[in-house]
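Please keep the sequence and the structure in view while reading.

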Amino acid sequence: MQSSYWLTRVRLESGFQLEEAQVMGTTTELAHIHIEQGVITEIVRGGKLPETIEPMWDAEELLLLPSLTEKHVHLDKTLMGTRWQAVRPAAGVPGRCEVEKQVLPSLPLSVEERAEKLLRTLLGYGSTHVRTHVDIYPEAGLSNLEGVEQVLLAHRNQLSYEIVAFPQHGLLRSGAAGLVKDAMRQGANLVGGVDPATVDGDMERSLQAMVEIAVMFEAGIDLHLHDAGEVGAGTIHRLAELTLEAGLVGKVAVSHAFSLGDIEPARLKELSALLQEAGITIITSVPLRRAMPPVPELRQYGVDVAVGCDNIYDTWQPFGNGDVLERAGRLAERFGWSSEFKLSRALQYVTDGRLPLDDDGHPVWPKAGDRADMMLVQASCSAEAVARRSARKAVFYNGKLVAGQLHRSSQLSSL
């Protein structure tokens, strides 16, 4: 696909249909979009396509939506490409880690081969940004990082990415601090950690170590936090304080954060104010069997929330297909977001906040100057796409077709 072209007959959301001040539907219109050097430079809505000798590709009246962001995945852990196996029983995080140490080295496919299969799956579902956690522990050294980096580098023209140096077996418990520093020197972007109070056994020392490494490398943090109740809430509270003290505002995330779903409302409000002040993002995989962060309340308090798939067929979970839009639909189900308006708003959690319409129904995406990271979806509107997990027919990154297919179009006079 050339660096300058027209995408014709694109369906764009144009507003909400209102009835007694309630959103009852979404209006759309057809448009032609000009893309040059990976940027949307012109949008012709409902009018004639300018005379052009540039290539034209027919969107066939499919809905254009922002491409997806996968904010929590483990490319190095997946069993994709190997024979089927369900999860072996294990006790807690430490037990699960021991199973993983036995299984992964024995697989017939390398880290690179398995990560490649999962990454292509993510692309096919529309994810053009991926944050992957990569296991760092003494037995594996930096081998997982090296394998995942190789795959991501090969796909650097198809997506953007972040790598979390993740001491899955405990930063303190496995003595991985030195290896995490080596991983940061080798290209990891964020410092990881897991359950400072229960896995590492020393919340304060574990959090301090994470923050010190992050400051050393001018990096962010993404903490796996499974601990429930006040143990988890206290960890979040202390991490937020350290974030403010260390000048890491806006660079820290807490993944899972189950405890936010089982604390008292007053404590949630208190923690939310601190999270908002520290610019800490909560990342959820929308679990089905346990408490999860109360997304409506967190958003009401101004806390950023994102969604990721987390485990996708590995030694921790046999489930998952790599479709983060499916997780947005699950999020809507968890919180009863079944109206047109609320379904459409659910898209923001898997697009880094990008929505076609603002809350008042005004078109805000796409516009001239936006990067052409987008996807064509077989749906009438974003609400349907979320509710029905609609098929993605073409995926673009930086204006380049990276998944799916398009057909050339003939010269069009008007829409």
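## Strand E14 and its two partners

Pro66 has Met374, in strand E14, as its bridge partner; helices (H or I, at least four residues) and strands (E, at least two) are DSSP runs, numbered from the N terminus. The model is a predicted one, in which local features need pLDDT of at least 70 and side-chain atom pairs count only at pLDDT 80 or more, while totals for chains, interfaces and linings use all residues. Residues are numbered from 1 along each chain as its sequence is written, and side-chain values use heavy atoms, with hydrogens and water left out.

Strand E5 (residues 63-66) is joined to E14 by 4 bridges, and the two run antiparallel; two strands are said to pair if DSSP finds at least two bridges between them. E14 is also joined by 4 bridges to strand E15 (residues 392-397), again in the antiparallel sense, and here Val377 stands opposite Arg392 in E15. Within strand E14 (residues 374-377), the side chains of Met374 and Leu376 point one way and those of Met375 and Val377 the other way, and all are buried, where buried means under 20% relative accessible area, exposed over 50%, and partly exposed in between (1.4 Å probe, protein chains only).

## The parallel sheet

Strands of a sheet pair through backbone hydrogen bonds, either parallel or antiparallel. An open sheet of 8 strands, paired in the parallel sense, has the order E6-E7-E8-E9-E10-E11-E12-E13. E6 and strand E13 (305-307) stand at the edges with a single partner strand each, so one side of each is left without a neighbour in the sheet. From one strand to the next the twist averages 25°, with axes taken as lines fitted to C-alpha atoms (for helices over the stretch in contact) and angles running from 0 to 180 degrees between N-to-C directions.

Within this order, strand E11 (residues 252-256) and strand E12 (residues 281-284) pair in the parallel sense over 3 bridges, and Val254 has Ile282 in E12 as its bridge partner.

Glu70 is placed in strand E6 (residues 68-73). Glu70 is buried yet has no salt bridge, and the nearest side chain of opposite charge, Arg327, is 7.3 Å away; in this count Lys and Arg are positive and Asp and Glu negative, while His and the chain ends are not counted. A salt bridge is defined as a side-chain nitrogen of Lys or Arg within 4 Å of a carboxyl oxygen of Asp or Glu.

What does the side chain of Glu70 reach at 2.9 Å? It is the backbone nitrogen of His72, and the backbone nitrogen of Cys309 lies 3.0 Å from a polar atom of the Glu70 side chain. Not counting residues up to four places away in sequence, Glu70 touches Leu122, Ser127, His129, Val130, Arg131, Gly308, Cys309 and Val324, contact being heavy atoms within 4.5 Å.

## Salt bridges

A search of the whole structure finds 25 salt bridges. In one of them Arg9 pairs with Asp58, the closest N and O atoms being 2.7 Å apart. Arg9 lies in strand E1 (residues 4-19) and Asp58 in strand E4 (residues 56-58), so the pair ties together parts that are 49 residues apart in sequence. Arg9 is partly exposed, with a relative accessible area of 25%, whereas Asp58, at 12% relative accessibility, counts as buried. A network of salt bridges links Arg9, Arg11, Asp58 and Glu61.

The side chains of Asp370 and Lys367 also meet in a salt bridge (3.2 Å, N to O); Asp370 is buried at a relative accessible area of 13%, and Lys367 is partly exposed at 46%.

Most residues other than glycine have a negative phi, and most peptide bonds are trans. Trp365 and Pro366, however, are joined by a cis peptide bond with omega of about 0°, and Pro366 lies in the loop between helix H10 (340-346) and E14.

Gln37 is not a glycine but has a positive phi of about 50°; Gln37 lies in the loop between strand E2 (22-36) and strand E3 (39-45) and is exposed, with a relative accessible area of 58%. Glu218, likewise not a glycine, has a positive phi of about 50°, is found in the loop between helix H5 (203-216) and strand E10 (220-225), and counts as exposed at 69% relative accessibility.

How values were computed:
A polar contact is a pair of N or O atoms within 3.5 Å; within protein, one must be able to donate a hydrogen and the other to accept it, and residues adjacent in sequence count only if both atoms are side-chain atoms.
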